[in-house]
Amino acid sequence: MKLWTRILSVSLALLFCFALTACGGGDSSGKTTLRVYNWGDYIDPDVLSEFEEQNPDIRVVYDTFDSNEGMLAKLDGGARYDVLFPSEYMVEKMIQEDWLMELDLSKIPNVEYIDQRFLNLAFDPENKYSVPYTWGTLGILYNTTMVTEPVDSWGILFSEEYAGKIIMYDSVRDSMAVALKYLGYSVNEHDEARLKEAGDLLAKQKQNGLVKAYMTDTVKEAMIGGNAALAVVYSGDAVLCMDETDGNADLAYAVPKEGSNLFFDNIVISKDCESLDAAYRFINYLCDPAVAARNIAYIGYSTPSSAAAQIMGEAYLNDPVFMPDEETLARCEVFLDLGSLTGVYNRIWESVKLQ
Ligand code: N2P
């Protein structure tokens, strides 16, 4: 082969490989790579593997995070994902900061199964960027053998009686929400004196040895194992911990009377998605009622899909942790993006943990 012919054929081969990877995040097996970034313990692994079986041209690369802030920091640091699962206030922020791709909902026909009350919410008024995934409340999980008094107030987390037996959630918005609601303020408080008051309360809780640990996903093992009396958890984690077979029958869950956070977690596509078709197929698959029902039966969170809720049946529909009553929901607030106050919340939270 003449030198020029050789150079030409090598360049063509390289170009071909490049084209394969550039068009749709391909890999050497010729499959499209779909990079998914979700919360820990937030998908049934069988649901994920079944998606790959049904879509042999797609390989899912799956990573997890344990807070909205951690997820965004990773993106800020340069990590790239195609599909992500932010909560509502983070969707709001990601829209503003131009992280998200506008969705073509015609590519996600299973959206028709989502209950209207979970669509067009304030953080994304026309669901231009997000599809609902799950929802739930923040509350207190407690061990009835260690706590015999009624648990109906966040105040119990600041009581000396349970020193060293309280697990707080390692998340700025959730921990601040606990303190703010206890003090009678909003979970989206903007008044800096009130924020300081909430921070001081959390700092004192730590200084006085009340906090056993700040945890995220591992709180479930700790509570099932009977290692703490009280923990701040999301409702879905409470469901798993209280499960008759895998959980601990001594555990109970309460949404305190002062009110709490009601959250809506969502599926979004990042603006620099490299596998758009795969992303739509994945999202549509997760919205399939049978898949969504299996998934929430595994993860323990509530579903926005009315069809999936029907499949879950009476036990789900009548469970107050999965389906809080109107009165409980009425005292909950949804997080909003804090805009320029985000830094103030973060600084307060960092100083609490440094106590
Ligand atoms: C699951 C975390 C759920 C996120 N481990 C609640 N917004």
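Trainee: Happy to start with a loop: where is the place of Arg80?

Mentor: First, a friendly note: this is a predicted model, where local features need pLDDT of at least 70, side-chain atom pairs count only at pLDDT 80 or more, and totals for chains, interfaces and linings use all residues. Residues are numbered from 1 along each chain as its sequence is written, and side-chain values use heavy atoms, with hydrogens and water left out. Helices (H or I, at least four residues) and strands (E, at least two) are DSSP runs numbered from the N terminus. In those terms, Arg80 sits in the loop between H3 and strand E3 (83-84).

Trainee: Which residues is Arg80 in contact with, leaving aside its neighbours within four places in sequence?

Mentor: Contact means heavy atoms within 4.5 Å. Arg80 has a relative accessible area of 33%, so it is partly exposed (buried is under 20%, exposed over 50%, partly exposed in between, with a 1.4 Å probe and protein chains only). With the neighbours set aside, the contacts of Arg80 are Arg35, Leu75, Trp99 and Asp272.

Trainee: Are H3 and H4 roughly parallel or roughly antiparallel?

Mentor: Axes are lines fitted to C-alpha atoms, for helices over the stretch in contact, and angles run from 0 to 180 degrees between N-to-C directions. Helix H3 (residues 68-76) packs against helix H4 (residues 88-96) at about 25°, with the axes 10 Å apart. Angles under 35 degrees count as roughly parallel, over 145 as roughly antiparallel, 65 to 115 as roughly perpendicular and the rest as oblique. Therefore H3 and H4 are roughly parallel.

Trainee: How about H6 and H14: at what angle do their axes cross?

Mentor: These are helix H6 (residues 192-207) and helix H14 (residues 342-353), whose axes come within 9 Å. The angle makes H6 roughly parallel to H14. Among the residues in the contact are Leu195 and Leu202 of H6 and Ile348 and Trp349 of H14. As for the value you asked for, the axes cross at roughly 20°.

Trainee: How many disulfides does the count come to?

Mentor: A disulfide is a pair of cysteine sulfur atoms within 2.5 Å. For Cys287, which is in no disulfide, the nearest cysteine sulfur is that of Cys273, 16 Å away. Cys287 counts as buried, at 5% relative accessibility. By this rule, the count of disulfides is zero.
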